[in-house]
Amino acid sequence: TKSRGEELAAMAKAKEIIKEATGESSFSQVSFAQTGMKLSTRADLSNFEAVRLVRGLAKAQGDTALALLATRMASAMRHGASGAGVFDKVKGMISDMISKLETEAAEESTKKAYCDKETAETSAKKEDRTDDVAALATKIEAAAAKSAQLKAEVATVESELSSLSRSQAEMDKLRSEEKT
């Protein structure tokens with residue numbers, strides 16, 4: 001197929017690059033072919049199933065840590081001794097991963113607690129500031145109303161003063177006419 005041809009071309013290109021980088025003499029033993037696991041015993045089959053199960057879980061969860069664990073398990077099973085020794089290594093790997101995940105969960109829990117505390121404090125400060133703004137807006141409205149009232153009183157007093165001034169002027173005029 002077309003994709004297989006592209007894959008072979010990419011492998012050939014990779015071989016050329018490796019030849020250039022390492023020299024042809026060391027390249028004669030390099031191969032990109034994957035060697036399959038030999039399933040000759042029941043233990044090999046159970047090992048393969050365990051790796052397959054962890055890989056499937058990693059793929060379903062989209063978890064790179066599980067995928068890495070599956071790869072390490074497969075490597076340990078391929079290169080390790082058969083029987084209980086391999087499973088002891090795998091159990092150790094799983095225990096290490098669980099410890100690591102528990103540590104990460106504790107760190108995330110601490111970070112979340114800190115973020116929740118900061119968010120609560122910020123919300124409380126925001127509410128206080130909002131209350132302060134509302135109180136100041138009320139004071140401003142009260143001051144504006146008082147200012148409008150005082151302006152009206154000033155206008156009334158000025159009007160009365162103007163009226164008094166006119167009356168005084170008229171009285172002064174009448175007195176001056178009486179004297180003459």
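Tutor: Let us begin with a definition: helices (H or I, at least four residues) and strands (E, at least two) are DSSP runs, numbered from the N terminus. This is a predicted model, in which local features need pLDDT of at least 70 and side-chain atom pairs count only at pLDDT 80 or more, while totals for chains, interfaces and linings use all residues. Residues are numbered from 1 along each chain as its sequence is written, and side-chain values use heavy atoms, with hydrogens and water left out.

Student: What makes the pattern of the protein α-α-α-α-α?

Tutor: The protein has five helices and zero strands, and reading along the sequence gives α-α-α-α-α.

Student: Why is Arg-55 called partly exposed?

Tutor: Buried means under 20% relative accessible area, exposed means over 50%, and partly exposed lies in between (1.4 Å probe, protein chains only). Arg-55 has 41% relative accessibility, and therefore it counts as partly exposed. Arg-55 belongs to helix 3, which covers residues 42–61.

Student: Why does Leu-68 count as partly exposed?

Tutor: The relative accessible area of Leu-68 is 43%, so Leu-68 is partly exposed. Leu-68 sits in helix 4, and its C-alpha atom is separated by 9.7 Å from that of Val-54, 14 residues apart along the chain.

Student: Which residues is Arg-55 in contact with, leaving aside its neighbours within four places in sequence?

Tutor: Contact means heavy atoms within 4.5 Å, and on that basis Arg-55 is in contact with Ala-70, Thr-71 and Ala-74, once those neighbours are set aside. The C-alpha atoms of Arg-55 and Leu-66, eleven residues apart along the chain, are separated by 7.0 Å. Val-51, not counting residues up to four places away in sequence, touches Ala-70, Met-73, Ala-74 and Met-77.

Student: What makes a set of residues a nonpolar core?

Tutor: A nonpolar core is a set of buried Ala, Val, Leu, Ile, Met, Phe, Trp, Tyr and Cys residues joined through side-chain atoms within 4.5 Å. The largest nonpolar core has 14 residues, and Val-51, Val-54, Leu-66, Leu-69, Met-73, Met-77 and Met-93 touch the most other members. Helix 3, helix 4 and helix 5 each give two or more residues to this core, and helix 4 gives the most, with seven residues.

Student: How do you know which helices supply at least two residues of the lining of the largest pocket?

Tutor: A pocket is an open set of points on a 1 Å grid over the protein atoms alone, where a 1.4 Å probe fits, with protein on both sides within 12 Å along at least five of seven lines, and lining residues have an atom within 4 Å of a point. The lining of the largest pocket includes Ala-65, Leu-68, Met-93 and Glu-104. Helix 4 (64–79) and helix 5 (84–179) each supply at least two residues of that lining, and helix 5 gives the most, with six residues.
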